[in-house]
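I opened my notebook to keep track of what I look up in this structure. Here is the model itself, and my entries follow below it.

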Amino acid sequence: MPIGDHTSPSDEAIAADIVDAALKVHSKLGPGLLESSYEHCLAYELRRRGHHVIHQHAVPLVYEEMTLEVGYRIDLLVDDRIVVEVKAVERTLPVHVAQVLTYLKLLNLQLGLLINFNVPLIKDGIKRVVRFKS
């Protein structure tokens, strides 16, 4: 495990399976479809592999003692441990990484994947996002 990486081996194994599933979905579908198509296919592929997947998981915003149901939705929550944000854009932006980090913070999780399927090679569309707990 790299120095400074505080995710558990089980997180790593789950993340590796997510990446492998994304590779399979991308190799079958290619770029150019809507995000929702990739979300559904990736969720299906992960479930086939035995993972618990929540699609469009609603996340409330908790501020002090107040809970706001403000409509935040995580594309995929895998095994209650890994946040997956699916994109089908020309290129990902820093705001997309910030979005994943916010979801990790709201759920008190450490590891997320930002996966952009609108790329010729899927390896170029995958970003690992780690939130270090303070």
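This is a predicted model: local features need pLDDT of at least 70, side-chain atom pairs count only at pLDDT 80 or more; totals for chains, interfaces and linings use all residues.

**Entry 1: strand β4**

I started with β4 and found that 6 of its 6 residues are buried, so β4 is largely enclosed by the rest of the structure. By buried I mean under 20% relative accessible area, with exposed over 50% and partly exposed in between (1.4 Å probe, protein chains only). Helices (H or I, at least four residues) and strands (E, at least two) are DSSP runs, numbered from the N terminus. Leu111, Leu113 and Ile115 point one way from β4, while Gly112, Leu114 and Asn116 point the other way. I then looked for a partner: β3 and β4 pair in the parallel sense over 6 bridges, where pairing requires that DSSP finds at least two bridges between the strands. Opposite Asn116 in β4 stands Lys87.

Residues are numbered from 1 along each chain as its sequence is written, and side-chain values use heavy atoms, with hydrogens and water left out. The pLDDT is the predictor's confidence in each residue, from 0 to 100. Its mean over the protein chain is 91, and 93% of the residues reach 70 or more.

**Entry 2: the cores**

Which residues touch the most other members of the largest nonpolar core? I found Ile18, Leu42, Val78, Val84, Ile115 and Phe117, out of 22 residues in that core. Such a core is a set of buried Ala, Val, Leu, Ile, Met, Phe, Trp, Tyr and Cys residues joined through side-chain atoms within 4.5 Å. The elements giving two or more residues to this core are α1 (9-29), α2, β2, β3 (82-87) and β4. The largest share, 6 residues, comes from α1. A second, separate core has 10 residues, including Val59, Val100, Leu104 and Val129.

**Entry 3: helix α2**

Next I checked α2 (residues 35-48), whose 14 residues reach 20 Å from first C-alpha to last, close to the 20 Å expected. The expected span is 1.5 Å times one less than the number of residues. Its buried residues are Tyr38, Glu39, Leu42, Ala43, Glu45 and Leu46. Seen down the axis of α2, they fall within an arc of 165°, so they line one face of the helix; the arc is that of the directions from the helix axis to the C-beta atoms. The face turned away from that buried side carries the exposed Tyr44 and Arg48. Just after α2, Gly50 takes a positive phi of about 95°.

**Entry 4: helix α3**

How does α3 (residues 94-107) place its buried residues? These are His96, Val100, Tyr103 and Leu104. They cover an arc of only 100° around the axis, which puts them on the same side of α3. I see Pro94, Val95 and Lys105 exposed on the other side. What covers the buried residues of α3 includes β2, β3, β4 and β5 (126-130). Asn108 follows α3 and has a positive phi, near 55°.

Note on methods. Contact means heavy atoms within 4.5 Å.
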